[in-house]
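User: Hi! Could you walk me through this model in plain words?
Analyst: Happy to, here it is.

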Protein chains: 2
Amino acid sequence: MKRKDKRSICPLSCTLDLLGDKWTLLVIRDLFAGKSHFKEFLESPERIATNILTDRLNHLLGHELVERRPSTRIPGRRAYRLTHKGESLRPVLQAIADWGLAHIAGTKMHIQPQR
Amino acid sequence: MKRKDKRSICPLSCTLDLLGDKWTLLVIRDLFAGKSHFKEFLESPERIATNILTDRLNHLLGHELVERRPSTRIPGRRAYRLTHKGESLRPVLQAIADWGLAHIAGTKMHIQPQR
């Protein structure tokens, strides 16, 4: 990604410009957990709103982190999955989740990545 | 941290509630890089606004990720530094920065952690 409005060459800052939104990372989490259909993302406990979900999926599609195909499970529906680039975010999500498990009381790893 | 309004027990989601703001993580980055004074954070290339910086430092102090002491360098000023809990975020920042270096054109590791 090349951004004209990039204010910094810092890889942390640039990655946060791309992904530093809670909902974006939660959708990626759900994709890692095997969710693929629009309705499945809506069922996550954080209760993402439909307009935010649409926006974040389009954002992820635009940055080639996610790809969309006709669903093989539900005729007429579309299914989303991580691209290789999207899957490369696994260590990022793992590091964030590991920190939460160690430092935030009451957290528990309830979604097991399927891949 | 125990939050009454926690909607999820997911450690990723809860960590993002705490840290999932770009500016919060950039201030933590600057602390890792050895910055400690209010003015030094303002000088970073992303140009954080003073009111946002004040808010994020108070947020980090409130969650015991940062501590504030009288400056030993500039009389009358205060200096900030990461607590042990704050320093435990190093793998999170490293994972995000590593991803950016690998996937976002034009990024470069220009701030070297001093500790």
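**Chat about the model**

Analyst: The secondary structure of chain A comes to 6 helices and 2 strands, where helices (H or I, at least four residues) and strands (E, at least two) are DSSP runs numbered from the N terminus. This is a predicted model, in which local features need pLDDT of at least 70 and side-chain atom pairs count only at pLDDT 80 or more, while totals for chains, interfaces and linings use all residues. Residues are numbered from 1 along each chain as its sequence is written, and chains are lettered from A and ligands numbered from 1 in the order in which they are written.

User: In what order do the elements of chain A run?
Analyst: From the N terminus on, the order is α-α-α-α-β-β-α-α.

User: What percentage of chain A is buried?
Analyst: Buried residues make up 33% of the 115 residues. A residue is buried if 20 or more other C-beta atoms lie within 10 Å of its own, exposed if 12 or fewer, and partly exposed in between, with C-beta atoms placed from the backbone.

User: Switching topic, how can chain B be laid on chain A?
Analyst: By a turn of 180 degrees and a shift of 0.0 Å along the axis, with an RMSD of 0.0 Å. That is the relation of a two-fold axis. The superposition is by least squares on the C-alpha atoms of residues with pLDDT of at least 70 in both copies.

User: And how many residues are in contact between them?
Analyst: 42 residues of chain B are in contact with 42 residues of chain A; two residues count as in contact if their C-beta atoms, placed from the backbone, lie within 7 Å. On the side of chain B that touches chain A, α6(B) gives the largest share, 10 residues. By class, that side of chain B has 23 nonpolar, 10 polar and 9 charged residues. Here Ala, Val, Leu, Ile, Met, Phe, Trp, Tyr, Cys and Pro count as nonpolar, Asp, Glu, Lys and Arg as charged, and the others, Gly among them, as polar.

User: At what angle do α6 of chain A and α1(B) pack?
Analyst: About 85 degrees, with their axes 7 Å apart. That makes α6(A) roughly perpendicular to α1(B), a label for angles of 65 to 115 degrees, with under 35 roughly parallel, over 145 roughly antiparallel and the rest oblique. Axes are lines fitted to C-alpha atoms, for helices over the stretch in contact, and angles run from 0 to 180 degrees between N-to-C directions.

User: Which residues of α6(A) and α1(B) meet?
Analyst: Among them, Leu93(A), Ile96(A) and Trp99(A) in α6(A), and Pro11(B), Leu12(B) and Cys14(B) in α1(B). The contact of α6(A) with α1(B) has 9 nonpolar, 2 polar and no charged residues.

User: Nice! What is phi of Arg47(A)?
Analyst: It is near 55 degrees, a positive value in a residue other than glycine. Most residues other than glycine have a negative phi. Arg47(A) is found in the loop between α3 and α4 of chain A.

User: Is Arg47(A) buried or exposed?
Analyst: Exposed, with 9 other C-beta atoms within 10 Å.
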